[in-house]
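The following note sets out several points for discussion. Please read them beside the sequence and the structure shown here.

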Amino acid sequence: MNKKTIFSVLTCLIAFFTCFIHVSAKEYNVNMYATETLEEVFTKEGVTNYDLSEYNRVDLDDKRVTIYLFRLSGCSNCKSFLNFTANTLLQKYGDKIKIISFEMREDQRNNNLRIDIQKFRGESDNTAPYIIIGNKTWNGPIDSMKQQQIEESIENIYNTQNKYDIFKDMSGKLFSNNGVTLVSEQSFSPNYTLQAIMTSRQDLILEEGYQFIYSLDITMRDGSNIVPIQNSAPLHIHVSMPGGFDEYKVAYVDANGDIKEVLPATYKDYDLSFTTTHLSEYAIFGKKKDTTPPEEVPPTVPGDNTNDGSDLEQNPDTGTTPEDTNTDKLDTVTEKVPQTLDNIESFVFLFLFSLCAFGISFILYYRKGSKSSM
């Protein structure tokens with residue numbers, strides 16, 4: 001193989017990874033993800049005493065209500081839902097439901113899908129299991145109230161002609177690229193792709209206390225052409241990024257590099273989000289709160305036994321005191337679903353790896369050529 005051929009091949013590899021980083025678009029089709037049948041899930045989680053005779057009928061598939069189950073292997077709350085399915089749902093609605101399971105602990109793509117769906121719906125609770133029936137969802141422990149709601153949803157949706165499906169609804173409304181997700185309230189062509197490219201705007205200055213983090217040029221494209229998106233329905237932008245600040249703001253930057261509008265932003269679990277009506281260049285700023293120590297509380301006067309109950313230790317999650325805790329309640333321990341930065345680090349790693357491979361191969365080849373000519 002001559003030098004020109006090697007150089008061309010390695011250049012194509014680098015171009016491939018670079019394009020993969022910047023122009024990849026997500027497709028939302030159940031068949032593109034690793035799913036499990038109900039019987040497979042029962043076997044993996046040790047659920048027994050179930051009857052699939054009605055469930056396995058194929059003559060009623062078009063009428064069935066689809067239940068999307070996002071679960072974690074070994075999750076106690078997930079197994080509780082599976083037991084509820086085996087003991088109740090199959091007995092009552094075995095010929096009326098179809099359950100599609102997405103395991104998230106071992107399959108990061110399934111977890112990314114769950115995150116995209118929650119962004120699309122404006123949800124943030126990341127406890128397992130995550131269950132979708134029609135346009136309703138449930139998280140965490142499936143108690144008796146949630147069980148009743150699930151049964152009601154199955155009964156209501158079963159006789160509906162045009163059943164709502166989250167995957168179809170996301171088509172043309174959710175786009176993702178390079179750690180940036182766009183959720184639109186109006187539909188665009190599913191053939192469009194989102195492009196988010198990092199820009200250099202370190203010289204931008206916001207109000208006092210806010211530090212520049214980084215800036216992004218966000219555009220919608222039809223092939224190589226930019227689609228003008230302006231004054232449209234609200235566009236909800238999510239940027240996957242590490243934290244480090246207490247407050248965030250996003251600034252719209254015009255073509256001259258000037259800040260024209262400042263937008264409020266929220267941040268939670270590696271996700272910064274803001275809402276706009278047009279796509280352009282946006283700069284992200286962060287601010288840390290004043291860390292001045294709080295004023296010291298005066299000590300209790302010796303002998304003062306007055307107690308209004310305000311010094312009882314409270315549960316930070318529920319606000320209840322130890323006396324209020326009922327040890328006979330159902331186990332409500334929830335298992336957090338793993339978060340992600342949308343695999344942006346993986347793409348960057350692939351690019352850097354291909355770049356290093358090109359450099360090393362190039363050097364070794366020329367060294368070999370030099371030795372052979374001696």
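1. Aromatic pairs. In this predicted model, the count of aromatic pairs comes to 12. One of them joins Phe 245 and Tyr 248: the ring centres are 6.0 Å apart and the planes stand at 75 degrees, so the pair is edge-to-face. Tyr 248 is itself buried, at a relative accessible area of 5%.

2. A tilted pair between strands. The rings of Tyr 252 and Tyr 282 have centres 6.1 Å apart, and with their planes at 45 degrees the pair is classed as tilted. Tyr 252 belongs to strand β12 (residues 247-253) and Tyr 282 to strand β16 (residues 281-287), so this pair ties together parts 30 residues apart in sequence. Tyr 282 has a relative accessibility of 2% and therefore counts as buried, the cut-off being under 20%.

3. A ring cluster. Ring pairs also link Tyr 68, Phe 70, Phe 102, Tyr 130 and Phe 167 into a cluster.

4. Ser 101 sits in strand β2, which spans residues 97-103. Is Ser 101 buried or exposed? With a relative accessible area of 1%, Ser 101 is buried. Its side chain makes a polar contact of 2.7 Å with the side chain of Glu 36, and another polar contact, of 3.4 Å, joins the side chains of Ser 101 and Arg 71. When neighbours within four places in sequence are left aside, the residues in contact with Ser 101 include Ala 34, Thr 35, Val 41 and Leu 69.

5. Cysteines. How many disulfides does the structure hold? The number is zero. Cys 75 is buried, with a relative accessible area of 1%, and Cys 78 is likewise buried, at 3%.

6. Overall organisation. The protein has seven helices and 17 strands. Of its 374 residues, 40% are buried. Among contacts with a separation of 6 or more, 73% are between residues 24 or more positions apart. The accessible surface is about 22,000 Å², and carbon and sulfur atoms account for 51% of that area.

7. Confidence. The mean pLDDT is 79, with 70% of the residues at 70 or more. Over residues 5-26 the pLDDT stays under 50, although the model has 38 contacts beyond four places in sequence for this stretch. Residues 341-349 also have pLDDT below 50, and this stretch has 16 contacts in the model beyond near neighbours in sequence. Where pLDDT is low, predicted coordinates should not be read in detail.

Conventions: Residues are numbered from 1 along each chain as its sequence is written. This is a predicted model: local features need pLDDT of at least 70, side-chain atom pairs count only at pLDDT 80 or more; totals for chains, interfaces and linings use all residues. Side-chain values use heavy atoms; hydrogens and water are left out. Helices (H or I, at least four residues) and strands (E, at least two) are DSSP runs, numbered from the N terminus. Buried means under 20% relative accessible area, exposed over 50%, partly exposed in between (1.4 Å probe, protein chains only). A polar contact is a pair of N or O atoms within 3.5 Å; within protein, one must be able to donate a hydrogen and the other to accept it, and residues adjacent in sequence count only if both atoms are side-chain atoms. Contact means heavy atoms within 4.5 Å. pLDDT is the predictor's confidence in each residue, from 0 to 100. Accessible areas come from the Shrake-Rupley method with a 1.4 Å probe; for residues, only the protein chains shown count as cover. A disulfide is a pair of cysteine sulfur atoms within 2.5 Å. Rings of Phe, Tyr and Trp (its six-membered ring) pair if their centres lie within 6.5 Å; planes under 30 degrees apart count as stacked, over 60 as edge-to-face and the rest as tilted.
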